[in-house]
Amino acid sequence: MSEPLSGLDTSALSPGTLAVLLDFDGTLVSIADRPGGVILKQHTAESLTRLEAKLGGAVAIVSGRPIDEIDRIFAPRRFAVAGIHGLERRDSDGRRHEAPYDRGSLDRIARALEAAVGEEPGLLLERKPGSVALHYRRRPELAERCREAAACAAEGHEDAQVLAGKMVVEVKLGRRTKADAVRDFMAEAPFAGRRPLYAGDDVTDEDAFRAVAGLGGISIKIGCEDTAARYCVAGTAEFLDWLDTLSETLAGSRDSMEGRQAP
């Protein structure tokens, strides 16, 4: 059972030994009816930029969105980022890493979903590199039908995974997860050798929570539903307030990046 985030002693965290990895939707922004409707507050972007500087670059976004979409939302800022639940990743040096997938299979999956629910008002079919997401936030009563449609569309595709999220179900090709992205970041500079802190709000973050636990890190669930995360916080607004406080605490730490590099 997770503990309230207020119980985490941030004074014990050091900017020289901490790495921060964050989900996007539901974590850094409130979830919107449609993917294009999210609003990133300027204060949040600035806070994340300051945190990245204090941690020597050891900040990454780990999202179900494509990398290019995250870049567009944060422009002109660019962070290390993993997209499509780990299918694609850009490291701190700007190198892109993309898992291969069968485009023909993805086309067939998309057509199957369109045939099953494409004419239903209020549903949104979102095509991404390597996955197709079916959003039903405006028609929550169709949740079961959407899940069944996704399961049927994935049949016969050996590499397909069905991911259930908050008012969305997604068929993704490839076996990579957010946990794989977290482990990849933590194996390379500037993340290597640090203690990871990961925050997320959805079912697709659970693998990452478990990966972070295996690395001796800190896991935070936004929303206090049943979770593998060690800590939980009520909602996005509360988490963003906590993140601001963390940044201030790190700024006052004697173990700053400058202090660690001084002779």
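Me: How does the lining of the largest pocket divide by class?
Reply: Ala, Val, Leu, Ile, Met, Phe, Trp, Tyr, Cys and Pro count as nonpolar, Asp, Glu, Lys and Arg as charged, and the others, Gly among them, as polar. By these classes the lining of the largest pocket has eight nonpolar, five polar and three charged residues.

Me: What kind of model is this?
Reply: Residues are numbered from 1 along each chain as its sequence is written, and side-chain values use heavy atoms, with hydrogens and water left out. Local features need pLDDT of at least 70, side-chain atom pairs count only at pLDDT 80 or more, and totals for chains, interfaces and linings use all residues, for the model is predicted.

Me: Which element gives the largest share of the lining of the largest pocket?
Reply: A pocket is an open set of points on a 1 Å grid over the protein atoms alone, with protein on both sides within 12 Å along at least five of seven lines; a cavity is a set where a 1.4 Å probe fits but cannot get out, and lining residues have an atom within 4 Å of a point. Helices (H or I, at least four residues) and strands (E, at least two) are DSSP runs, numbered from the N terminus. Helix 1 (42-54) and helix 7 each supply at least two residues of this lining. The largest share, five residues, comes from helix 7.

Me: How much space lies in the largest cavity?
Reply: The structure holds two cavities of 30 Å³ or more. A volume is the space filled by probe spheres set on the grid points, which are joined across faces, edges and corners. For the largest cavity, this comes to about 460 Å³.

Me: Which residues are the closest to the centre of the largest cavity?
Reply: Its lining has nine nonpolar, six polar and 15 charged residues. Of the 30 lining residues, the closest to the centre are Asp25, Lys128, His135, Val168 and Asp202.

Me: Is aspartate 71 buried or exposed?
Reply: Aspartate 71 lies in helix 2 (residues 67-74). Leaving aside neighbours within four places in sequence, aspartate 71 is in contact (heavy atoms within 4.5 Å) with Arg77, Arg78 and Arg90. Buried means under 20% relative accessible area, exposed over 50%, and partly exposed in between, with a 1.4 Å probe and protein chains only. Aspartate 71 has a relative accessible area of 11%, so the residue is buried.

Me: Which cysteine forms a disulfide with cysteine 224?
Reply: A disulfide is a pair of cysteine sulfur atoms within 2.5 Å. A search of the whole structure finds one. Its sulfur atoms are 2.3 Å apart, and the partner of cysteine 224 is cysteine 232.

Me: How far away is the cysteine sulfur nearest to that of cysteine 146?
Reply: Cysteine 146 is in no disulfide. Cysteine 146 is buried, with a relative accessible area of 1%, whereas cysteine 152 counts as exposed, at 52%. The nearest sulfur is that of cysteine 152, at a distance of 12 Å.
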